[in-house]
Amino acid sequence: MNDMTPIPTTIKDWETDQEVRWCPGCGDYAVLKAVQRTMPELGVRPENTVFVSGIGCSSRFPYYMETYGFHTIHGRAPAFATGIKLANPELDVWIITGDGDALSIGGNHTMHVLRRNLDCQILLFNNEIYGLTKGQYSPTSRMGTRSPSTPFGSVDSPVSPCAYALGAGARFVARGIDVHKKLPEVLKAAHRHKGASFVEIFQNCIVYNDEVFGAFTEKKAAADNQIWLEAGEPMLFAGGAKGIILDKERLRLDVVDVTDGDWRGAGVIVHEPANRAVAHMLVEMPLGAFPMALGVLYDDPHPTFDEVVRMQNAQAAKGKSADLQALIAKGQTWQVEKEPRAE
Amino acid sequence: MATAHSIEDGGRARVPHEQGAVVVRFAGDSGDGMQLTGGQFTLSTALAGNDLATFPDFPAEIRAPQGTLFGVSAFQINFGSTSIETAGDEPEVLIAMNPAALKTNVDALTPGGLIIADAGEFGARNLAKAGYAADPLEDGSLARWQLLSIDISALTIEAVKPFGLGNKEALRCKNMWTLGLALWMFDRPRDPITDWLKAKFAAKPELAEANIAALNAGHAYGETAEIGYAFRQRHIDPAPTAPGLYRTITGAEAISLGLVAGARLAGLPMFFGGYPITPASAILHHLARLKEFEVTTFQAEDEIAAICAAIGASYAGSLGVTSSSGPGIALKGEAMGLAIMTELPLIIVNSQRGGPSTGLPTKTEQSDLYQAVYGRNGDAPLPVIAVRSPADAFDCAIEAVRIATQFMTPVIILTDGYIANAAEPWRVPDHEVYQAFPVDFFDESPREGEKFNPYRRDAKLARPWVRPGTPGLTHRIGGIEKSSDSGNIDYSASNHQRMTDIRARKVLNVADTIPGQDIALGEPGEKLAVVGWGSTFGPIHQGVLRARDEGKSVAHIHIRYIWPMPKNLGDLLKTYDRILVPELNTGQLKTLLRDQFLVDARPLNKVSGHPFRIAEIEAAIEASLG
């Protein structure tokens, strides 16, 4: 089953014969292609791969991957994934979810799969809207979002997916953009990380929330408003003309200009993915004053839930025989030899 | 005679042996350890070879305020030299550890019965809390009964003095003093209790010694005190039982063991997803200790995650099991629908309690039958099996695993709070006698040019079970209606009709593999059939037995298979003039029987949180025939 060197695959091995049923121009197509393109590079086999999803546009994803796939119920994919992975830790488990699925109805399960650190990849397609149900505002929608259910604008504060993930105890947090060429690299890093890898993918909903991420995804805005973080590299953007510094007095990040590439002189900090405190600051950077932090924001492995459960099970079972007869006859017993006579 | 360890307590005078049965109730504050006392008395009684049934009845609060009426915890045991089916109607002996316990329990006591009260707890404060204007031990209001008023508190403190415990800790030994007296009273062995105390307090031997001293002091009190007629020592003979090895077992234990045995017979590892809820948690606790039997337990973040993880595990090739009580089962409804749609094996155990909503968490009821049979969106049939007693739970669990794995379907096991907590003697079965039903995972790759069809079925209409990880068989399943062979999404009208029909027919096919409905007592064609299900077996059986002894034409039919029902059930019911359906709900099986068979089933209903009394069944039989 799981050879040391799996037979190599091509993108064709990961495509199903099913007609893809997303709206033309949906960002989901780009993510699907990115995942299908990435799989052959991971050295894994389709039969050892399981895609699990909840409900929503993104959750149709498993039907288009030639792997084992389970399209489950709204918000609960992490719980199904937990059962799958505990039952067979050899399987490579991917959870496909959206902002409503993972953060509204399934917010509880998202929190627990992250804190438990189940070994899996979680791809959260964030389009800040409920697409499948025709355009209601979602828990990531910005305040004032007008939608069929909020005709006068939404009044509640949105949740930041990556801040939520960190708060829940995630050990790997990354961001990507549906159509961006670096998405496969982010996916590979997520797969490399042993444990729950949380990836927020900004995904454009062309029908109900078009260009909602335009402020940092549009071509001309990209350079000044995206910062792609690389481990061990200085936090630079705008073609190296700007960088992120840590204001140690006030314990917050700031943007500085970098002249002549002297980022050290400007005090620009180097990205250490294991630095949890900085990760918290990176995911909270307000767009406008700061660029959108992208790539692997946080990566600090920790023993995984499935691993620890298996270890404890083995330890608890050690030296005990699975003697069913002895088990059912346990406790204080008495033997009746023959029927008693009345005296 | 049962060789019940023959733990005779030394060369005491022989106690006259008698036939029959006796009902004893221990009642006290929830902090008084009455459940423990009752449990240990049960163990000792079982070791003496009596048949028995128990009824633990305790408040929902962990530690209700001391001395209050709602904080009273009681444990009733019925034991005897004949077959015992119920915990008994009216106790003959009531042990009341405080005024509140007396007040809430004394009316159940049979006239002329014996009250043993801890006089040390009958101070002004406790009397006021129980709402007594005057001390009932003094004012003659208990004249209908025999009263034995003992300052158990003081005697206990005296007995444990040598061990230097504080006053509070010393008083905690009261229940052991009381147990010692009860053991003397019914000539039960003390050894199993002292063994148990030594094991329980292995780390604190002084506590073990103090408790043993209290136990012995209570026992000695019985032996030496000059007390009245009612308080004579009795020895109830062992019940005639089939030869074999016996133990006591609660429903929660028996379900757990049955699930382990069922998984073994199916050749599967077990995955149990649970979330704490009364009275279902005991199953999670039992299974969590059985890792060597390839059992993985998972305490999920909520009821929904618990069932979803179990379904995920089934999908990956384990036996997925989840367990809860009514409110939790309600939360699992949507996921059950998915298991029905994706046709994966799954066991759902419902330990029913009083409802609706939070209802009566610690009281028993049978009001989730509609929920089990009908309680999901869409046409979503699944097999339902009901447990009738703690010992029966073992077989029911095995049967549920067989049906789930052979038919690729979720199965609900209905048990209840009474069965879960109650104990009865159980003849340990030889697990080898159960026929194995090994699961045959599908692993044949499709031939060149062909595709694997995950919804192509066998003769029973079960679809193949493929473990992810199997080469050549990758496929997708989900909750959207799917094409009847490929499993691909298919919303077409004709396909949905076909799939709905197939899902219903598959579940009905289970009836081909279950035994025909038998008659627990009586013959077909009598005047009246009393039809029951679940934990009401005992009182119904005894009620029918007594009515038959009086020459009445009445039969007892007990239904284990709630859905699908045995194929002969309708024809059998139609042989009776009248049908009476006693249930601890407002008439749910009654509705089902009427619907399925167009028979005039009449209800007998009770939702007081307590089981039926035999007398209630007898009266209803009388009225039905009258």
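1. Basis of the note. This is a predicted model, in which local features need pLDDT of at least 70 and side-chain atom pairs count only at pLDDT 80 or more, whereas totals for chains, interfaces and linings use all residues. Residues are numbered from 1 along each chain as its sequence is written, chains are lettered from A and ligands numbered from 1 in the order in which they are written, and side-chain values use heavy atoms, with hydrogens and water left out.

2. Extent of the interface. Chain A brings 62 residues to the contact and chain B brings 79, contact meaning heavy atoms within 4.5 Å. The two chains bury about 6,100 Å² between them, 62% of it on carbon and sulfur atoms; buried area is the accessible area (1.4 Å probe) that two parts lose on being put together, summed over both. On the side of chain A, the residues that lose the most area to chain B are A:Tyr68, A:Ile328 and A:Trp334, which together account for 15% of what that side buries.

3. Charged pairs across the interface. Between chain A and chain B the count is 3 salt bridges, a salt bridge being a side-chain nitrogen of Lys or Arg within 4 Å of a carboxyl oxygen of Asp or Glu. A salt bridge is formed by B:Lys451 with A:Asp17, their closest N and O atoms lying 2.9 Å apart.

4. Elements that chain A supplies. Several elements of chain A each give at least two residues to the side that touches chain B, among them strand S2 (68-71), helix H2 (77-87) and strand S14 (333-336); helices (H or I, at least four residues) and strands (E, at least two) are DSSP runs, numbered from the N terminus. H2(A) gives the most to this side, with 7 residues.

5. Strand pairing between the chains. S14(A) is joined by 4 bridges to strand S9 (residues 244-250) of chain B, and the two run antiparallel; strands pair if DSSP finds at least two bridges between them. Within this arrangement, A:Trp334 stands opposite B:Tyr246 in S9(B).

6. Cis peptide bonds in chain B. B:Thr278 and B:Pro279 are joined by a cis peptide bond with omega about 0°, and B:Pro279 is found in the loop between strand S10 (270-274) and helix H10 (281-287) of chain B. The peptide bond from B:Trp563 to B:Pro564 is also cis, with omega near -10°, and B:Pro564 lies in the loop between strand S20 (561-563) and helix H19 (569-573) of chain B.

7. A loop residue of chain A. Although A:Glu128 is not a glycine, its phi is positive, at about 55°. The side chain of A:Glu128 meets that of A:Arg142 in a salt bridge (3.0 Å, N to O). A:Arg142 lies in the loop between strand S6 (136-137) and helix H5 (161-168) of chain A and A:Glu128 in the loop between S4 and S5, so the pair ties together parts that are 14 residues apart in sequence.
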